[in-house]
Amino acid sequence: MERPGRLLLQSELRVRNAAYDVSLSRSLLIWKRRTSSPVYHPFRPRFCVPLFPRRPDPGVCHSVPVSEIISVREEEEENGSRQRDDGSWKKIREREGKDCRQAFTVLYVERCRQHRWRCAEVTFTCSDEAVCQHWVSSIREQLASNTSRPKHLLVYINPYGGKRQGKRIYEQKVAPLFTQAGISTSVIVTEYANHARDHLKMEAELKKFDGVVCVGGDGMFSEIIHGLIWRTQIDCGVDPNSTEEALSPCSLRIGIIPAGSTDCICFASVGTNDPVTSALHIIVGDSQPLDVCSVHHNNMFLRYSVSLLGYGFYGDVLSDSERKRWMGPARYDFSGLKMFLTHHYYEGTVSYLPAKGIIGTPRDATRCRSGCVICQHNGQLNSERSEKYEMDEASDSESSGEWRTIRGKFLAINAASMSCACPRSPKGLSPAAHLADGTTDLILVRKCSRFNFLRHLLRHTSKDDQFDLTFIEVHRVRRFRFMPRHCQSDSDLELDLHENSKRQIFSQICKDHPACGCAPAYSSWNCDGEILTHTAIDVRVHGQLIKLFARGIEELPVFEDLSNPCAI
Ligand SMILES: CCCCCCCCCCCCC/C=C/[C@@H](O)[C@H](COP(=O)(O)O)NC(C)=O
Ligand SMILES: Nc1ncnc2c1ncn2[C@@H]1O[C@H](COP(=O)(O)OP(=O)(O)O)[C@@H](O)[C@H]1O
Ligand SMILES: [Ca+2]
């Protein structure tokens with residue numbers, strides 16, 4: 001068997017007017033300039049920004065992982081011009097040697113600022129046609145042997161998400177890249193809300209595809225997972241409505257092309273909201289598992305959530321902003337300010353099952369990043385647990401008293417299954433939350449002054465810890481329940497009868513008169529950007545139920561000369 005580092009090909013080729021030693025192994029394509037004194041650097045560095053001064057001069061030596069090559073294209077010289085194999089014409093450069101007859105272009109991923117990826121290209125010329133052919137076929141062979149790359153994709157576009165640019169973004173920025181990478185697509189532009197969900201549930205021929213692409217915002221992504229999770233359970237014979245049954249993980253990966261208002265699922269799993277970056281993560285076949293919460297009311301299934309489940313502040317912001325959709329993404333700023341000033345608090349009881357045996361807490365300084373060991377460790381733990389305890393987990397723990405209960409008045413109750421980072425808050429609602437650790441971070445913001453709540457909110461946008469305040473508590477949990485005060489048991493209600501009846505009458509009178517300062521009894525739940533129809537809910541985390549075409553946010557690489565294959 002061949003060792004991974006063994007060279008498959010090595011030739012002297014030309015890049016523009018300079019000679020390069022070019023080599024291909026299973027893992028890397030390297031081109032290294034032959035002369036030791038660099039005079040002319042025809043290429044941009046692999047990284048757009050010169051972040052790494054200790055690296056060898058990037059004009060002299062480049063390396064690209066084979067896994068990050070997008071495609072290879074043959075170029076042919078004809079009548080003094082060079083013709084691409086796609087038929088378009090390109091003027092040959094004068095400085096190219098006359099003996100250079102054949103050329104091929106490699107398209108590859110280039111990393112730019114703030115986790116953005118771009119498609120870069122390099123053209124190699126060689127005097128021998130056979131050598132050129134050999135290079136092209138060898139690179140293509142390597143790409144074809146990568147089984148994680150998708151070949152056929154089912155694309156859903158929400159034409160009305162965000163600034164209504166979904167269709168244009170897909171056609172102009174994404175589709176040409178898919179074509180270059182040899183990916184075939186079946187595209188559906190949705191005609192009504194829940195079109196994508198219902199198509200996935202009932203019609204889509206999922207066997208034909210290697211993945212689903214969602215062009216839209218968090219609400220559109222929610223439609224896609226509802227369709228896909230439902231369909232997977234039906235196909236696997238699992239009751240999708242069950243509160244206790246373990247759900248079957250979905251095999252098809254989902255790619256998100258951000259074209260919505262918040263796009264926090266894309267931002268928190270890729271590090272940026274950029275359609276080209278997302279398209280490239282899909283092309284190279286990345287895979288990132290993701291936790292999903294199921295939400296039930298009285299044993300009746302309501303919805304799934306992957307990012308934020310928010311009662312109080314975020315629920316009110318969403319309800320208010322839905323009436324202002326015409327404003328586009330700015331509706332959240334408007335409603336956010338309005339709800340901050342309104343300053344409603346809500347009473348209720350939160351019970352939760354703390355996540356035991358896991359590594360990590362919501363107050364950690366470590367962040368969930370590409371290849372996260374915490375997600376790997378806790379993910380493994382979760383699958384062992386579900387094999388061991390099967391369906392009895394909840395009742396067992398309840399009787400053994402593992403559940404904890406908190407009663408109080410809350411400005412907000414937020415459950416973040418991932419950081420919920422987005423451009424508005426680049427570190428997110430729970431900066432240390434993990435994409436795939438099988439837990440959600442339950443954040444309780446108790447009634448406090450407007451000034452204190454503002455301090456908490458502003459800390460989402462600064463380096464300060466938004467949980468380091470006396471009226472905030474945060475717990476990493478596997479399961480939780482919420483019961484608004486007015487739904488509590490008779491004995492509870494009797495205790496508060498006097499105060500309660502006074503309040504209920506008062507709140508009814510005041511429902512349409514918020515200026516009097518009387519708070520309504522209920523808020524609603526914001527579930528990944530959708531309003532839930534019930535306030536009393538039971539939430540359970542299903543670790544790693546779905547997978548994205550993403551790899552988590554990449555750490556900024558620290559290059560040492562020795563780690564660079566060109567320097568060895
Ligand atoms: C006074 C300064 C206030 C700064 C507060 C910053 C906190 C912002 C945290 C936002 C967390 C958003 C979590 C994601 C929610 C989306 O699912 C949802 C729906 O997104 P979509 O419209 O479908 O893209 N958007 C909102 C705002 O509820
Ligand atoms: N063709 C359509 N017409 C109307 N609504 C749609 C359509 N397709 C999807 N939707 C709905 O639009 C809502 C918002 O979509 P989303 O893409 O998340 O944008 P935004 O981030 O601006 O909210 C989602 O709830 C989705 O179900
Ligand atoms: Ca999680």
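**Figure 1. Arg-16 in the loop between β1 and β2 of the predicted model.** In this predicted model, Arg-16 occupies the loop that joins strand β1 (7–15) to strand β2 (18–25). Its backbone has a positive phi of about 55°, although Arg-16 is not a glycine. Most residues other than glycine have a negative phi. With a relative accessible area of 26%, Arg-16 is partly exposed, because that value falls between the limits of 20% and 50%.

**Figure 2. Gln-114 in the loop between β8 and β9.** Gln-114 is placed between strand β8 (102–111) and strand β9 (117–126). The phi of Gln-114 is also positive, at about 55°, and this residue is not a glycine. Gln-114 is exposed, with a relative accessible area of 62%; a residue counts as exposed when this value is over 50%.

**Figure 3. The calcium ion (ligand 3) and its protein donors.** Which residues supply the protein donors of the calcium ion (ligand 3)? They are Asp-291 and Asp-437, each through OD, together with Ser-417, His-434 and Thr-439, each through O. These donors lie 2.3 to 2.6 Å from the ion. Along the chain, the donors follow the spacing D-x125-S-x16-H-x2-D-x1-T. Distant parts of the chain are linked here by the pair Asp-291 and Asp-437, which are 146 residues apart. Asp-291 belongs to strand β14 (residues 288–297), whereas Asp-437 belongs to the loop between β18 (404–416) and β19 (440–446). Asp-291 has 1% relative accessibility and counts as buried. Asp-437, at 0%, is likewise counted as buried.

**Figure 4. Ser-419 in the loop between β18 and β19.** The loop between β18 and β19 also holds Ser-419. Is Ser-419 buried or exposed? Its relative accessible area is 11%, so Ser-419 is buried, the limit being under 20%. Leaving aside neighbours within four places in sequence, Ser-419 is in contact with Ala-268, Lys-427, Gly-428, Leu-429, Ser-430, Pro-431 and Ala-433. Between the C-alpha atoms of Ser-419 and Arg-404 there are 24 Å in space, while the two residues are 15 apart in sequence.

Figure 5. A relative accessible area of 0% makes Val-295 buried. Beyond its neighbours within four places in sequence, Val-295 is in contact with Met-300, Phe-301, Leu-302, Arg-303, Leu-309, Leu-532, Ile-537, Asp-538 and Val-539. How many residues separate Val-295 from Asp-538 along the chain? The separation is 243 residues, yet their C-alpha atoms are 5.7 Å apart.

**Figure 6. Tyr-304 in strand β15.** Strand β15 (residues 300–305) contains Tyr-304. This residue counts as buried, at 1% relative accessibility. Apart from neighbours within four places in sequence, the residues in contact with Tyr-304 include Ile-225, His-226, Ile-229, Pro-240 and Leu-247. Val-292, Cys-293, Ser-294, Cys-527 and Asp-528 are also among its contacts. Ala-130, 174 residues from Tyr-304 along the chain, has its C-alpha atom 55 Å from that of Tyr-304.

**Figure 7. Helices α8 and α11 where they meet.** The axes of helix α8 (residues 331–342) and helix α11 (residues 450–458) come within 10 Å and cross at roughly 145°. Phe-340, Leu-341 and Thr-342 make the contact from α8, and Arg-450, Phe-453, Leu-454 and Leu-457 make it from α11. By class, five of these residues are nonpolar, one is polar and one is charged.

**Figure 8. Asp-364 in the loop between β17 and α9.** Asp-364 is found between strand β17 (346–354) and helix α9 (373–389). It counts as partly exposed, at 22% relative accessibility. Asn-158 is 206 residues from Asp-364 along the chain, and the C-alpha atoms of the two are separated by 37 Å.

Figure 9. An unreviewed UniProt entry lists residues 148–299 as "domain: DAGKc". This span is 39% helix and 22% strand, and its end C-alpha atoms lie 38 Å apart. The protein chain comes to 13 helices and 23 strands. Of its 568 residues, 55% count as buried. Among contacts between residues at least 6 apart in sequence, 75% join residues at least 24 apart. The accessible surface of the chain is about 26,400 Å², with 51% belonging to carbon and sulfur atoms.

How values were computed:
Residues numbered from 1 in each chain as written. Chains lettered and ligands numbered in written order. Predicted model: local features only at pLDDT ≥ 70, side-chain atom pairs only at ≥ 80, totals over all residues. Heavy atoms only, no water. Axes fitted to C-alpha atoms, helices over the stretch in contact; angles between N-to-C directions. Helix = DSSP H or I, 4+ residues; strand = E, 2+ residues; numbered from the N terminus. Contact = heavy atoms within 4.5 Å. Nonpolar A, V, L, I, M, F, W, Y, C, P; charged D, E, K, R; others polar. Donors = N, O, S within 2.8 Å, 3.2 Å for Na, K, Ca; no water. Buried < 20%, exposed > 50% of the residue type's maximum accessible area, 1.4 Å probe, protein only. Areas by Shrake-Rupley, 256 points an atom, 1.4 Å probe, with all protein chains shown as cover. UniProt positions renumbered as here; feature names shortened; annotations may be inferred.
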